[in-house]
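Here is a short briefing on one chain.

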Amino acid sequence: MSNKVKNVKNTALRAGTVTAGTALLLLMSSPAFALTRDDGDDPGPGLSVIETLGLYVVTPIVLFLVIAGLVMMTDKSRKQAKPKG
């Protein structure tokens, strides 16, 4: 058997093991996703579609752009080097 085939089999075995382990952990934690309320739970009102999109889509994009802009503004390697002589 060639090394290439052996490496593919090992990779497939590793991927299968990780997938099975992840599935097992998700099945074991399924009560965490239950809809029954515990004593003392006081869930607030739900978010509208606009609020959800703003919170989970627009805000991360804006934060990314702000951070990228700050990094680009403070990047010293982009400045032109003065010619010697």
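**Burial and overall exposure**

Buried residues (under 20% relative accessible area, 1.4 Å probe, protein chains only) make up 0% of the 85 residues in the chain. This is a predicted model: local features need pLDDT of at least 70, side-chain atom pairs count only at pLDDT 80 or more, and totals for chains, interfaces and linings use all residues. Residues are numbered from 1 along each chain as its sequence is written, and side-chain values use heavy atoms, without hydrogens and water.

**Fold**
- The chain has 2 helices and 0 strands, taken as DSSP runs (H or I, at least four residues; E, at least two).
- α1 holds 26 residues and spans 37 Å from first C-alpha to last, close to the 38 Å expected at 1.5 Å a residue.
- The number of α1 residues buried is 0, so α1 lies largely in the open.

**Surface**
- The chain exposes about 8400 Å², with 67% supplied by carbon and sulfur atoms.
- Areas follow the Shrake-Rupley method with a 1.4 Å probe.

**Loop**
- Asp38 sits in the loop between α1 (3-28) and α2 (49-74).
- Asp38 is exposed (over 50%), at a relative accessible area of 56%.

Key:
Expected span 1.5 Å × (residues − 1).
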